[in-house]
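Thanks for asking me to look this one over. Here are my notes, in the order I would go through them with the model open on screen.

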Amino acid sequence: MIDRENRKNPGPYHDFFLLESLEKVAYSALRQYLPKRSRAHLSDEILRFIMLDTINWVPSFIPREHCWESHQGLDLYRMTIIGADGAEKLSQIIPLWGKLFEAGPECLTLTCGWTNAETPELPYGHYVKRLYVRDKVVAPLKVLYGYSRAVMEGQAGYILHVGI
């Protein structure tokens with residue numbers, strides 16, 4: 001069943017920020033480094049249901065109160081820090097995601113999460129299919145690719161992911 005009523009893609013969203021440098025500060029102090037607005041704003045549904053397995057290949061750090069813990073992928077609900085190693089892996093993966101979506105039609109129908117909502121045609125629940133505008137899916141990926149290249153080339157220090 002396609003959710004055609006959804007004209008704006010529903011939140012929540014994941015935001016990514018490019019940071020010039022970052023001290024190994026506690027999790028509670030990280031908000032001071034955030035710019036006012038993210039240019040890489042990615043739907044949780046896209047990230048979770050389309051990209052989650054491959055984003056877990058990216059080395060990262062989870063900031064804790066007294067240290068940064070090595071991690072793979074993103075903490076979907078909190079902040080994650082991506083350094084040079086993760087940026088290199090991300091720069092390999094993102095163009096492939098972009099090409100995948102760019103190959104699709106202007107209006108993408110994507111399978112998202114499961115719902116137990118019953119309909120006459122589907123009495124036991126179903127996967128929700130949502131409509132996305134292709135270019136709005138690809139645009140934040142291009143920004144995130146630029147972030148990963150900037151970190152790899154030493155123009156910036158880290159990518160900071162803020163989860164939902």
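1. Ring pairs join Phe61, Trp68 and Tyr158 into a cluster. Rings of Phe, Tyr and Trp (its six-membered ring) are taken as a pair if their centres lie within 6.5 Å; planes under 30 degrees apart are stacked, over 60 edge-to-face, and the rest tilted. The count by this rule is 2 aromatic pairs. Phenylalanine 61 and tryptophan 68 make a tilted pair, with 5.7 Å centre to centre and 45° between the planes. Tryptophan 68 and tyrosine 158 make an edge-to-face pair, with 5.6 Å centre to centre and 85° between the planes. This second pair links distant parts of the chain, since tryptophan 68 is in strand 5 (residues 68–72) and tyrosine 158 is in strand 9, 90 residues apart.

2. A word on what you are looking at: this is a predicted model, where local features need pLDDT of at least 70 and side-chain atom pairs count only at pLDDT 80 or more, while totals for chains, interfaces and linings use all residues. Residues are numbered from 1 along each chain as its sequence is written, and side-chain values use heavy atoms, with hydrogens and water left out.

3. Phenylalanine 61 counts as partly exposed because its relative accessibility is 26%. Tryptophan 68 has 10%, so tryptophan 68 counts as buried.

4. For the overall fold, the protein chain has 3 helices and 9 strands; helices (H or I, at least four residues) and strands (E, at least two) are DSSP runs, numbered from the N terminus. Along the sequence they follow the pattern β-β-β-α-β-β-β-α-β-β-α-β. Of the 164 residues, 46% are buried.

5. Strand 9 (residues 158–162) pairs with strand 6 in the antiparallel sense over 4 bridges; two strands pair if DSSP finds at least two bridges between them. Isoleucine 82 has isoleucine 159 of strand 9 as its bridge partner. In a regular strand, side chains alternate between the two faces of the sheet. In strand 6 (residues 79–82), Met79 and Ile81 point one way and Thr80 and Ile82 the other, and all are buried.

6. Do have a look at histidine 161, also in strand 9. Histidine 161 counts as buried because its relative accessibility is 0%. Its side chain makes a polar contact with the side chain of histidine 14 at 2.8 Å. A polar contact is a pair of N or O atoms within 3.5 Å; within protein, one must be able to donate a hydrogen and the other to accept it, and residues adjacent in sequence count only if both atoms are side-chain atoms. Leaving aside residues up to four places away in sequence, histidine 161 touches several residues, including Asp15, Phe16, Leu74 and Arg78; contact means heavy atoms within 4.5 Å.

7. Lastly, helix 1 (residues 44–55). Serine 43 caps its N-terminal end, with a side-chain oxygen 3.2 Å from the backbone nitrogen of glutamate 45. Among the buried residues of helix 1 are Ile46, Leu47 and Met51. The buried residues of helix 1 pack against several elements, including strand 2 (13–19), helix 2 (84–102) and helix 3 (134–152).

Notes:
Buried < 20%, exposed > 50% of the residue type's maximum accessible area, 1.4 Å probe, protein only.
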